[in-house]
Amino acid sequence: MPDKNNSFVIQSSPHLREKDSVPKIMYSVIISLLPAAFASIYFFRVQAAILLLSCIAASLITEALFLWLRKRPFHSLLDGSAAITGILLAMTLPPSLPLEFAIIGAVVAIGIGKQVFGGLGHNIFNPALVGRAFLQTAFPVAMTTWIPPAMIKVNTATFATPLANLKFQDAISQGTLTSLKELFWGNVGGCLGETSAFALILGALYLLLRRSIDWRIPVGIIVSLSLFTGIFWLANPGKYASPLFHVLAGGLIIGAFFIATDMVTSPISPLGAWIYALSIGLVIGLIRLFGGYAEGVMYSILFMNAFVPLLNKYTRPRILGEGRKT
Amino acid sequence: MRIKTFPHGVHPPEFKELTAEKSLEPMPPPEKVFIPLLQHFGSPAESLVSKGDEVSLGQKIGEGKTLFSAAVHSSISGKVLAVDHYIHPGGNLVPAVTIANDGEDRYVPLEKERKDPFSLSPEEIRQKVKEAGIVGLGGAAFPTSVKLTPPKDKPIDTIIINGCECEPVLTADYRLMLEFPEDILKGGEIICKATGATRLIMGIEDNKPGAFEILKKYAQNTRTEIALLKTKYPQGAEKNLISALLQREVPRGGLPFDVGVVVQNVGTTKAIWEAVSQGVPLFQRAITVSGSGIKEPKNLLVRLGTPFKDILEFCGGLKDGANMLIMGGPMMGISQWSLDVPLVKATSGILALDSPPPVLEYTCISCSRCVGHCPMGLVPTQLMKCVKYENLTLAEAWGILDCVECGSCQYVCPAKISLVHWIRWGKNRVTSMKRKKSA
């Protein structure tokens with residue numbers, strides 16, 4: 001028993017706190033990405049594993065370097081956020097990307113995407129996507145060279161992702177459009193995390209149940225992309241692919257559940273989240289159907305990231321009793 | 001029956017099992033009491049006694065001379081040792097009267113004659129409540145007579161008796177409901193009479209089925225409705241309770257009067273009945289003494305002005321390792337630095353805890369959990385940032401003054417930011433900024 005005065009801990013209320021914490025949230029995201037990471041290793045074998053490990057290592061080293069330069073405590077290195085950036089970056093890269101390019105991507109992601117803004121919580125754009133956008137611009141050929149999964153034997157010279165096949169090779173009239181079943185299980189070409197929708201959804205369910213991500217964001221993206229592509233599909237199924245194809249193909253699932261939901265770079269109000277998510281889906285649809293790229297997830301999310309401060313400003317939730325007269 | 005509730009809020013662990021089955025036990029009066037003359041929201045009462053005076057139990061020793069003030073009564077009989085300043089659990093020094101107990105408990109009720117309480121006029125009821133020094137016993141300590149005086153242009157149609165006790169750990173209100181259901185219901189009727197309200201609702205959280213059943217039984221054949229509410233914090237916060245029970249929204253910056261409602265806590269309601277029916281002034285109150293650091297957790301009836309030290313000793317003392325003392329509940333209670341502070345009208349409980357090790361604070365990652373849990377619809381993280389970066393005008397525009405400091409945001413914050421601390425400081429600064437502007 002503290003002896004009379006001045007030995008009690010004094011603090012501001014509340015005196016109870018929930019156990020969840022920033023590192024726990026970050027590690028839950030890492031856990032949720034494991035099924036997809038293992039799926040990518042299954043499909044692309046050692047290349048995927050090396051890519052994942054080198055991106056994680058490069059992210060952590062860059063984070064440590066910047067923390068040291070900025071004279072910040074090193075505990076934030078272990079909060080898990082830099083590792084997530086590394087994993088997500090690797091998941092958005094083609095499996096055949098040369099290792100040095102991937103490492104440059106990770107350095108840019110953490111350095112330019114995150115630390116120059118002030119580190120965790122201060123960045124405007126999703127760091128992994130900043131890294132990927134840099135690579136896409138700097139090394140366009142390497143970033144669009146695809147290899148098939150280990151279990152299919154095809155002519156690698158003409159191998160394309162399902163979306164590129166759809167857009168540039170007239171897949172629907174040729175009858176070569178990838179089947180939904182293959183898209184779902186992931187036996188297709190693409191970035192590490194673009195392949196198995198099943199493995200991604202498995203991890204995403206865990207995040208949703210744990211409430212680590214806002215359900216409005218994936219729902220909003222999927223709904224608006226489906227509506228947009230659905231209208232064109234109904235009008236001309238001979239030219240346009242079905243909404244389900246668009247949802248399962250490319251980086252939509254990983255983007256909607258794991259990248260757009262990044263807490264730091266998504267809006268804080270429910271209304272803001274809806275506007276953000278519906279807009280991302282729409283922009284993806286526009287790029288895929290009418291843009292110069294086969295895939296549009298990365299640029300849509302980066303584009304909407306830029307609007308988040310504005311959305312936060314103009315979508316303040318209604319205060320209890322607001323608008324009622326005294 | 002549909003269980004009512006409000007949007008948002010949190011579900012902290014309850015810890016009520018420590019004391020829920022323990023009856024209210026009257027604690028013997030201590031040797032000395034230190035009765036602050038400021039135990040309510042408003043200005044201090046003025047002392048009516050001086051050093052050396054003999055006082056009896058229930059004698060008025062402080063007069064509330066302004067509207068927002070309340071009378072203060074002696075809680076023991078004995079001799080006034082000092083009329084000066086003493087520490088208050090709120091953290092400041094306030095005028096206080098120190099009385100030595102003569103052990104006789106000579107009691108003089110406020111009045112000799114007794115009238116049928118239901119024959120009294122609203123004005124007479126208010127007068128009796130004011131004379132008895134009753135303030136809100138839920139914790140805010142707002143002078144009750146003011147709450148019973150609705151403005152002429154704002155008719156009151158509904159009285160809500162607040163039996164939520166949504167703070168974890170506390171069980172004193174639960175015990176009051178189990179042990180004094182009749183007094184509470186009659187008190188409710190008196191409040192209706194004083195305010196002209198026709199509807200009387202009592203709200204009880206569904207983690208207190210015992211209280212719900214017993215009140216339901218006593219309320220049979222009366223107009224009182226007993227409503228079951230979801231166990232959720234802060235269900236008992238006035239504005240949230242009104243929205244849960246009546247789907248009415250108190251305007252921003254307004255009072256329950258604005259939607260025709262008066263809310264009174266069960267303890268207050270019981271005190272009103274005792275004052276009006278028997279002339280008993282407020283000289284004691286029900287509290288819960290609990291927490292992981294208390295040897296024998298109890299529900300007690302304690303005389304006002306009793307030092308915390310005496311109360312803790314009566315509960316077997318503190319366990320080794322107890323290093324935090326809180327007045328009130330764990331969500332809104334105030335940390336205490338001394339065992340010498342006295343029990344005041346606003347003390348709903350005394351908790352001793354082994355405080356958790358200091359947590360590592362992270363930067364806000366905009367997870368928006370604070371937004372999703374704020375019962376007032378605020379954006380706590382934005383308010384925190386406004387205060388931190390000195391943008392008080394923006395803080396005001398984003399509703400910092402609407403914050404009720406319930407602590408839900410900080411409870412859920414995964415970055416462990418002291419949101420309530422920032423917001424409370426910001427509220428003070430915004431209020432003084434506004435005062436300067438209008439001056």
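Author: Happy to; what follows starts with the domains of chain A, moves to a helix pair and a residue, and then turns to chain B.

This is a predicted model, in which local features need pLDDT of at least 70, side-chain atom pairs count only at pLDDT 80 or more, and totals for chains, interfaces and linings use all residues. Residues are numbered from 1 along each chain as its sequence is written, while chains are lettered from A and ligands numbered from 1 in the order in which they are written.

Let us begin with the domains, whose bounds come from an automatic or database domain assignment. For chain A, that assignment gives domain 1 (22–142) and domain 2 (156–311). Their centres, taken over C-alpha atoms, are separated by 21 Å. Where they meet, 31 residues of domain 1 of chain A and 27 residues of domain 2 of chain A form the contact; two residues are in contact if their C-beta atoms, placed from the backbone, lie within 7 Å. On the domain 1 side, α1, α2 (46–69), α3 (81–91) and α5 (127–138) of chain A each supply at least two residues. Helices here are DSSP runs of H or I with at least four residues, strands are runs of E with at least two, and both are numbered from the N terminus. The largest share of that side, 13 residues, comes from α1(A). By class, the side of domain 1 of chain A that touches domain 2 of chain A has 23 nonpolar, seven polar and one charged residues. In this scheme Ala, Val, Leu, Ile, Met, Phe, Trp, Tyr, Cys and Pro are nonpolar, Asp, Glu, Lys and Arg are charged, and the others, Gly among them, are polar.

Now for the helix pair. Helix α11 (residues 216–235) of chain A packs against helix α14 (residues 270–290) of chain A at an angle of about 35°, with the axes 7 Å apart. The axes are lines fitted to C-alpha atoms, for helices over the stretch in contact, and the angles run from 0 to 180 degrees between N-to-C directions. This crossing of α11(A) and α14(A) is right-handed, that is, the near helix is turned clockwise from the far one by less than a right angle. Among the residues that make the contact are Gly220(A), Ile221(A), Leu225(A) and Phe228(A) of α11(A), together with Ala273(A), Tyr276(A), Ala277(A) and Gly281(A) of α14(A). Counted by class, the contact has 17 nonpolar, five polar and one charged residues.

Tyr276(A) also leads us to Val308(A): leaving out residues up to four places away in sequence, Val308(A) touches Thr265(A), Ser266(A), Pro267(A) and Tyr276(A). Val308(A) is placed in helix α16 (residues 308–314) of chain A. From C-alpha to C-alpha, Val308(A) and Ser266(A) are 6.1 Å apart in space, although 42 residues apart in sequence. Val308(A) counts as buried because 20 other C-beta atoms lie within 10 Å; the cut-offs are 20 or more for buried, 12 or fewer for exposed, and partly exposed in between, with C-beta atoms placed from the backbone.

One more detail of chain A is worth a look in the segment before α1, where Pro14(A) is found. The peptide bond from Ser13(A) to Pro14(A) is cis, with omega near -5°.

Next comes the partner chain. In all, 39 residues of chain A are in contact with 60 residues of chain B. On the chain B side, α6 (238–246), β15 (324–327), β16 (334–336), α12 (408–412) and α13 (419–438) give two or more residues. That side has 32 nonpolar, 20 polar and eight charged residues.

Two of these elements have backbone details beside them. The loop between β11 (225–229) and α6 of chain B holds Pro234(B), and a cis peptide bond, with omega about -5°, joins Tyr233(B) and Pro234(B). Lys416(B), in turn, is found in the loop between α12 and α13 of chain B. Phi of Lys416(B) is near 60°, a positive value in a residue other than glycine. Lys416(B) counts as partly exposed because it has 17 C-beta neighbours inside 10 Å.

Finally, chain B is divided into domain 1 (1–27 + 111–356) and domain 2 (369–438). Their C-alpha centres lie 27 Å apart, and twelve residues of domain 1 of chain B are in contact with twelve residues of domain 2 of chain B.
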